[in-house]
Amino acid sequence: MRTRIFTPLLLATACSLAATAHAAQWTMATPYGDASFHTQNTKQFAEDVAEATNGELTITVHSGGSLVSHGEIKPSVRRGTIDAGEVFLSVLSNDDPIFEVDTLPGVAGSYEEAYALWEATKPMITELFAYEGLVPLYAVAWPAQGIYTAKPLTDPAQFEGLRVRAPNINTQRFVNNLGGSPTETEESDIPTAFSTGRVDAMITSSATGNAMAAWDYVSDYTDANLWLPKNIVFMSQRSFDRLDEAAQDALLEAAARAEERGWQMSRDNNDTSIAALIDNGVTVSEPNETVADALRAAGEELFADWEARADDEAKQALEAYREQLSN
């Protein structure tokens, strides 16, 4: 009978292979580029998870839509093609009107209100995700949305026929209400869309304008404080269930930290982005009275449309949010 001898090197190799066999390697997709504070936060989240689990769970973040397109991220996680993803929450509005509530003008006009809205709607959103085998990890707001144009925006009549980049169906409806022509363009394609004349203006945040060097193709930013939309980061329930309890706890704790960190990053990024726009020659101003009135009227029309489509549960979530603000 041959005796098997284990040298220190063989023992180390065997332990390494055993550890590798038990390690989970997740793939995550986000449509946002590396310059986005959302992507920076997501990558920090992945680093935190790897550190907290001692490498038992590693998450590779594929940014800028390099793995799958924005619209395919949620279906890919649902199918199990990838383990986790990040999307602009309101792109899911075709699934349920609750997903677009944070793009309704006048509902949440500050970070404090936007976070309260997230807290009020999170149970319903979590339930809807669960139906598809998905689990929300965290959500982070963008800075308030404004309007980028190639000339000063002083008259509502300027919206007539204006080709406006609108990243989701609710923003598209809003642009239609203003008399404009909405165009769906991913963030990474914004410079090309302007240079080729596919868009004349865009509704987005100071953060996106800064990340996309908006000063190369626009001259004015109307800081209209329209709404504070959110990104949501989520995972496959099936992938989560494959982790041991310690790794699950570490993942959820890292997600809670990412949410808290992300909201502060958004606040900070808004300040630095506004400064960057001004430093690079973009005129930043609030809408004048006539433009503000037109934006308000378009928003009221948008809200009436939402109420007509939303079910009782969504309306109750919004009402709970409003009651919380009044207390």
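A: Let's start with an open sheet of 6 strands, whose order is E7-E6-E8-E5-E9-E11 with mixed pairing. (Strands are DSSP runs of E, at least two residues, and helices are runs of H or I, at least four, numbered from the N terminus; strands pair if DSSP finds at least two bridges between them.) This is a predicted model, where local features need pLDDT of at least 70 and side-chain atom pairs count only at pLDDT 80 or more, while totals for chains, interfaces and linings use all residues. Residues are numbered from 1 along each chain as its sequence is written, and side-chain values use heavy atoms, without hydrogens and water.

At the edges of this sheet sit strand E7 (181-183) and strand E11 (283-285), each pairing on one side only. On average, neighbouring strands are turned by 25° against each other, direction ignored (axes are fitted to C-alpha atoms, for helices over the stretch in contact, and angles run from 0 to 180 degrees between N-to-C directions).

Within the sheet, strand E5 (residues 145-149) and strand E8 (residues 201-205) run antiparallel and are paired over 4 bridges. Here you can find Ile147 of the model opposite Ile203 in E8. Helix H5 (residues 169-178) packs on the sheet, where it touches strand E6 (163-165), E7 and E8. The direction of H5 makes about 160° with that of E7.

Now follow Ile147 to Leu295. Leaving aside neighbours within four places in sequence, Leu295 is in contact (heavy atoms within 4.5 Å) with Ile147, Phe159, Phe174, Leu178, Ala224, Leu226 and Pro287. Leu295 and Phe174 are also among the residues with the most contacts inside the largest nonpolar core, which has 86 residues. (Such a core joins buried Ala, Val, Leu, Ile, Met, Phe, Trp, Tyr and Cys through side-chain atoms within 4.5 Å; buried means under 20% relative accessible area, exposed over 50%, partly exposed in between, with a 1.4 Å probe and protein chains only.) Helix H4 (residues 111-131) gives the most to this core, with 10 residues. Another core, of 14 residues, lies apart from the largest one and includes Tyr148, Met202, Val218 and Val282.

For context, there is also an open sheet of 5 strands, with the order E2-E1-E3-E10-E4 and mixed pairing. Strand E1 (residues 24-29) and strand E3 (residues 84-88) pair in the parallel sense over 2 bridges, and Met28 stands opposite Ala84 in E3. Helix H9 (residues 245-279) lies across E1, E2, E4 and strand E10 (230-236), at about 25° to E4.
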